Amino acid sequence: MGSEVIVLPVIFGTLFGIFYLYISARNRERLALIDKGADASIFYSKKKHVTPVWKVIVLNLALLLAGIGIGIFIASFLSMNMGVDEDVAYPGTIFLLAGIGLFAGFFATKKLNKDA
């Protein structure tokens, strides 16, 4: 009963701790560079042409959902026409084709970044 009350603060405390460590470590690195007389401009990227994040998300989500849809279609075909057990056909083909869709999304994202 009491564990539900503890879970939420632990999650937020963990996220706060990760954020705090990231900011404080970055600050210490920059202060060390300034102390040595080096320029802290290495932390700022030059204007690179990078594909917008929303395009990458839409592309990967579209390929994932297409893989799931094709997986359901093929699983239906396997169970109706080939006599494969539904408990095996549906999860197997859905996960297989969803993984193939994500793999294709990885390569499509690489191509998008190369073209940008």
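F106 is partly exposed at a relative accessible area of 45% (partly exposed lies between buried, under 20% relative accessible area, and exposed, over 50%, with a 1.4 Å probe and protein chains only). The model is a predicted one, so local features need pLDDT of at least 70 and side-chain atom pairs count only at pLDDT 80 or more, while totals for chains, interfaces and linings use all residues. Residues are numbered from 1 along each chain as its sequence is written, and side-chain values use heavy atoms, with hydrogens and water left out.

F107 is partly exposed as well, at 41% relative accessibility. Searching the whole structure turns up three aromatic pairs (rings of Phe, Tyr and Trp, the last by its six-membered ring, pair if their centres lie within 6.5 Å; planes under 30 degrees apart are stacked, over 60 edge-to-face, and the rest tilted). One of them is stacked: the ring centres of F16 and Y20 sit 6.2 Å apart, with the planes at 20°. These two residues are four apart in helix α1 (residues 3-36), so about one helical turn separates F16 from Y20 (helices, H or I of at least four residues, and strands, E of at least two, are DSSP runs numbered from the N terminus). Both F16 and Y20 are exposed.

Turning to helix packing, two packed helices are described by the angle between their axes and the distance between the axes. For α2 (residues 53-82) and α3 (residues 86-115), the axes come within 7 Å and cross at roughly 155° (axes are lines fitted to C-alpha atoms, for helices over the stretch in contact, and angles run from 0 to 180 degrees between N-to-C directions). That makes α2 roughly antiparallel to α3, a label for angles over 145 degrees. The crossing of α2 and α3 is right-handed, meaning that the near helix is turned clockwise from the far one by less than a right angle. Residues in the α2 contact with α3 split into 20 nonpolar, nine polar and one charged (Ala, Val, Leu, Ile, Met, Phe, Trp, Tyr, Cys and Pro are nonpolar; Asp, Glu, Lys and Arg are charged; the others, Gly among them, are polar).

Within helix α2 lies S79, which is buried with a relative accessible area of 12%. Its side chain reaches the backbone oxygen of S76 at 3.1 Å, a polar contact (N or O atoms within 3.5 Å, one able to donate a hydrogen and the other to accept it within protein; residues adjacent in sequence count only if both atoms are side-chain atoms).

Back in helix α1, I11 is partly exposed at 44%.

Methods. Angles under 35 degrees count as roughly parallel, over 145 as roughly antiparallel, 65 to 115 as roughly perpendicular and the rest as oblique.
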